[in-house]
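Here is a short briefing on packing and backbone geometry. Please look over the sequence and the model first.

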Amino acid sequence: MKVFVTRNIAPEAVQLMEEAGVAVTQWQERRELEPEELIGHCMHYDALLVAGKSKIDRQFLQVCHHLKVIALHSVGYDNVDVDAASEYGIPIGNTPGVLSAATAETAFLLMMAVSRKAFYMHRRIINGEWGFNAPMDNLGISLQGKTLGIFGLGKIGMELARKSIAVYDMKVIYHNRHHNEEAEAKYDAEYVSFEELLQRSDVLSVHAALTPETKERFNMDAFRQMKSTAIFINAARGGIHNEQHLISALNSGIIWGAGLDVTNPEPMLPDNPLLTMPTVAVLPHIGSATVETRTAMALIAARNVVAGLHSEPLPHAVNPEVYS
Ligand code: DGY
């Protein structure tokens, strides 16, 4: 039993797979594999563990349908053609649950950083621009008692709601495909229409999956409906906002600020105007990047690999229909 892993992952997970009798090969080069290279490697393996953005599309699956399992080192699976995988009977595993706290923390960090222009202020010190401070210089926006709007209120959004209420006594409103009764009971979260979410949020944080419905949902039309004092946060997928529209909305004062852990494209190029804006904070997709979380994610992915190679149901499959 042999698994190909597209990046180095937590050693605990490699050990788990090896102890289960799986030979593990980790791709060592610090670059994304080209699609043909990935296919070339997978031809010689029984399982694939995808850490990173490799596209698992129909073309890949057509050639590599011998794989007994494809385990993702992520909760998101927008890089996978799940329908095609199911047609070929290949279970796809993901890593739900364990990254909610870390990702919510990243969104919270961005919300705080933007509200106090923290990244920009830091750059000013580096540039020797601390200088003379007058009382009306360097002003941010207080988050105390403000309205937090959550687009896609699942586990990550719930954790952000919990933190925001505890620290800033924020009022939580949300828009989902379905009501989240747990969040309504626990956090007094109010379900609103998409339009109302845009109009009422002081901070609007995106925690939805990237799907055809959410793709570029935050475009100029959406930004125009937001408050001119609003902060837009995206720690989900860069494809959910239109980055050019976001730049224009910030430049023209349509919204006040933005915090991004995900960009479109990734990596963001260093000359992106967002990087010099005072009320913008950008991070390089580190939502789940803590030792604890990445280890937990790798262990789940490893358990998915071992289960798949033993023809057992994956502990976390995104396409359980392969078993029916
Ligand atoms: C996830 O798990 O989906 C994170 O965004 C890492 O890609």
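The largest nonpolar core holds 32 residues, and those with the most contacts inside it are Met111, Leu148, Ile150, Leu153, Val203 and Ile233. A nonpolar core is a set of buried Ala, Val, Leu, Ile, Met, Phe, Trp, Tyr and Cys residues joined through side-chain atoms within 4.5 Å. Buried means under 20% relative accessible area, exposed over 50%, partly exposed in between (1.4 Å probe, protein chains only).

This is a predicted model: local features need pLDDT of at least 70, side-chain atom pairs count only at pLDDT 80 or more, and totals for chains, interfaces and linings use all residues. Residues are numbered from 1 along each chain as its sequence is written, and side-chain values use heavy atoms, leaving out hydrogens and water.

**Cis peptide bonds**
- Asn264 and Pro265 are joined by a cis peptide bond, omega about 10°.
- Glu266 to Pro267 is also cis, with omega near -5°.
- Pro265 lies in the loop between strand S11 (257-260) and strand S12 (280-282), and Pro267 lies in the loop between S11 and S12.

**Positive phi**
- Asn138, not a glycine, has a positive phi of about 60°.
- Asn138 is partly exposed, at 30% relative accessible area.
- His285 has phi near 50° and is partly exposed at 32%.

Conventions. Helices (H or I, at least four residues) and strands (E, at least two) are DSSP runs, numbered from the N terminus.
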